[in-house]
Amino acid sequence: MEQIWWERVPNALLFTSEIVDRLLGEKSIILQCPGDFPWYSYMVRNIKEAVKQQNSSKRFECVSDVSEPGPYLLREFCKPEKRAEYRPAKTYARFFAESDDIVLHERYVWVKICSKEQLDSWIKFVSEYTKERGKDKNVAVFVLEWRESSSIQTKKGIKLCSFDEYVTEYDRIVFCTLASSSVKECSFIKNYLTELAANVVGNDIELCAACLESYKEFLQNPYRTIENILQSKIRSDGNEYSFHKTQADVSHLTWLAQIKTVYPVLEEYREELVQRYSAAIARQLPITSSYGETYNDPGDVELGTLKYMADHRRLALTLKEYERLKVHREARNKLAHLVPLTLEEVKRLVI
């Protein structure tokens, strides 16, 4: 599933490609990731491998939970004799920028930020270091990873790469479509599964993948399936899944998925039936429905009225045709009253 997301979904692929391009272009970035970021380790591995293939001279270093970048980098990336040269009259950023004999310039430094204060401190440091180092010199490249969705005030020399600015509902649909392609169901049920997963689950792509892996149970009962997943599994990064919808929410979202996929099937059936029996319907025009609506065109007659006509021998249908009309009319009635169909009711319409 992680390969589908990071290597086949267009905007997810664009997100990582632009990060790689910026790192290769010696541009430090703020990598802004939400809490439900999908398959974090897989993405990081792909980025590092892609960068190393094109620039093997720089190594990646990981830094976590460091509030003061200057003292930390001086201790970790400078030899004792170089550390002895530092004087407080000069900022750490300027000291590093003016020193050509330190390994810091040969590194991609991936920094995991744990607080807004840390982020501000690192942004200030990286911006000053980049400015003081200038152009046409080997320079350290920083990735400041921030796992919050709050707005960020960037500074010159640092690019913002925000996951939420790349990934949209379209990408969730693409992922669900690709992930559902191997499901052993007919094409209509695959399409319905795609809409159902994208509608019900929302932004948590890993939870969406878990639902698709349990697609038989998910199609039958989305809410119970998600409850079971929340109790038995955790995300790849060890965090909890992001899902806060009620059973009523899930029922409504299931209905929305059926409006997108099932309702057009009902309408196509109605149009096909009306066309087949248009002469018989036309002979009885105008027709008044049980709700008092008058039809003067056969093409406007609804399923309920067609069933009424069949019940009163005004439309000659075979038993098989009548049963099919009955099934479609009952399904349309439920959807019209905001009630989602069961999987068995959905399948009766198309299988």
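Glu117 has a relative accessibility of 60%, above the 50% cut-off, and therefore counts as exposed. This residue belongs to a predicted model of a protein chain with 18 helices and seven strands. The radius of gyration of the chain is 30 Å, well over the 20 Å that the globule rule gives for 351 residues, so the chain is more spread out than a compact globule. The points below begin with the chain as a whole and then turn to individual elements and residues.

**Overall form and surface**

- Along the principal axes, the C-alpha atoms of the protein chain fill a box of roughly 100 × 40 × 35 Å.
- Buried residues make up 46% of the 351 residues in the chain.
- The chain exposes about 18300 Å², of which carbon and sulfur atoms supply 47%.

**Helix 4 and its packing**

- Helix 4 spans residues 69–77, and its buried residues are Pro69, Gly70, Tyr72, Leu73, Leu74 and Phe77.
- These buried residues pack against three strands of the chain, namely strand 2 (59–64), strand 3 (107–113) and strand 4 (141–146).
- The buried residues of helix 4 also pack against helix 5 (80–83), helix 6 (92–98) and helix 7 (116–133).

- Ser28 lies in strand 1, which covers residues 28–32.
- With a relative accessibility of 3%, under the 20% cut-off, Ser28 counts as buried.
- The side chain of Ser28 reaches the backbone nitrogen of Phe142 at 2.9 Å.
- Beyond its neighbours within four places in sequence, Ser28 is in contact with Val126, Ala140, Val141, Phe142, Gly157, Ile158 and Lys159.
- Cys33 is placed in the loop between strand 1 and helix 3 (40–54).
- Although Cys33 is in a loop, it counts as buried, at 1% relative accessibility.
- Not counting residues up to four places away in sequence, Cys33 touches Trp146, Arg147, Glu148 and Phe163.

**Loop residues with positive phi**

- Most residues other than glycine have a negative phi.
- Glu26 has a positive phi, near 65°, and is found in the loop between helix 2 (10–24) and strand 1.
- The relative accessible area of Glu26 is 28%, and this residue is partly exposed.
- Asp65 also has a positive phi, of about 55°, although it is not a glycine.
- The place of Asp65 is in the loop between strand 2 and helix 4, where it is partly exposed with a relative accessible area of 49%.

**Separation in sequence and in space**

- Glu117, the exposed residue named at the outset, is in helix 7.
- Glu117 and Ser67 are 50 residues apart in sequence, and their C-alpha atoms are 7.4 Å apart in space.
- Cys33 and Phe60 are 27 residues apart in sequence, with 19 Å between their C-alpha atoms.

Note on methods: Residues are numbered from 1 along each chain as its sequence is written. This is a predicted model: local features need pLDDT of at least 70, side-chain atom pairs count only at pLDDT 80 or more; totals for chains, interfaces and linings use all residues. Side-chain values use heavy atoms; hydrogens and water are left out. Helices (H or I, at least four residues) and strands (E, at least two) are DSSP runs, numbered from the N terminus. The radius of gyration is taken over C-alpha atoms; the globule rule is 2.2 Å times the number of residues to the power 0.38. Buried means under 20% relative accessible area, exposed over 50%, partly exposed in between (1.4 Å probe, protein chains only). Accessible areas come from the Shrake-Rupley method with a 1.4 Å probe; for residues, only the protein chains shown count as cover. A polar contact is a pair of N or O atoms within 3.5 Å; within protein, one must be able to donate a hydrogen and the other to accept it, and residues adjacent in sequence count only if both atoms are side-chain atoms. Contact means heavy atoms within 4.5 Å.
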